[in-house]
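Here are my notes on the model you sent. Please read them with the structure open.

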Amino acid sequence: MIKHPELDKLRMQIDKVNRDLLHLMNERAVLVKQVADLKEREGFATFDPDRENSVVSKMQRLNYGPLSNDIVGRLFRHLMLLFREWEEEQRRSARIQAEAEEWLMHQRVAIVGLGLMGGSAVLALKKNLPRLYIAGYDRDPQLISSIAERLDLHTQNLEKIFSC
C-alpha cells in the first residue's frame, strides 16, 4: 500500500465516511424490516415498484453532484435490490427457524448421566432449543436436583427414561 501523508489523510476521511455509511445502512435495515413486517401483517405486496421509482426520482432531485443523476439512480436501485434480497433472506431464515422449532416440539432427548458433561449438555440444549423436551437420568439425587428445573422429566429410574 502506498504511504503518503496527504493520501493517508484522505483515506482516513474516506474510512470515516464508510463507517458513517455502514451505521446508516444498519439503521436502514432496521426500518426495512419494520416495513416488511407491517406489509406482511397487513397483506400488502412486499415489492412496490412505484415506491421504488419515487425514491429514485426524489434522490435524483436532491442530488447536488458530483455524482450524475444516472449514477444516483443506479446506486439507489441497487441499494433497494440488496435490501429486498436481505429481507427475503431474513424471512426465509425465520421460516426455517419456525419450522425447526415446530419439529423440535415433537422431539425428545434423554440425557443419561447428569454430571459435568450431561449437565452441560442439558444447559446448552435448553439455552439454544428452549422448547425441546429433555428427560434426564442419574443415580445421584443431588445431580438430579442441581439441574431438575431445566429438565422436563427427571428420574432415578432408567426404565422411565426410555418409556417417555
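1. The crossing of H2 and H3 is right-handed, meaning that the near helix is turned clockwise from the far one by less than a right angle. Helix H2 spans residues 49-62 and helix H3 residues 69-104; their axes come within 9 Å and cross at roughly 140 degrees. Axes are lines fitted to C-alpha atoms over the stretch in contact, with angles from 0 to 180 degrees between N-to-C directions. Helices are DSSP runs of H or I, at least four residues, and strands are E runs of at least two, numbered from the N terminus.

2. This is a predicted model: local features need pLDDT of at least 70, side-chain atom pairs need pLDDT 80 or more, and totals for chains, interfaces and linings use all residues. Residues are numbered from 1 along each chain as its sequence is written, and side-chain values use heavy atoms, without hydrogens and water.

3. Pro66 is in the loop between H2 and H3. A cis peptide bond joins Gly65 to Pro66, with omega about 10 degrees.

4. Look at Glu87 in helix H3. Its relative accessibility is 4%, so Glu87 counts as buried (under 20% relative accessible area, 1.4 Å probe, protein chains only). Leaving out residues up to four places away in sequence, Glu87 touches Val32, Lys33 and Ala36 (heavy atoms within 4.5 Å).

5. The protein chain has 6 helices and 3 strands. From the N terminus, the order is α-α-α-β-α-β-α-β-α. The C-alpha atoms fill a box of roughly 75 × 50 × 20 Å along the principal axes. Buried residues make up 20% of the 164 residues.

Notes
Buried means under 20% relative accessible area, exposed over 50%, partly exposed in between (1.4 Å probe, protein chains only).
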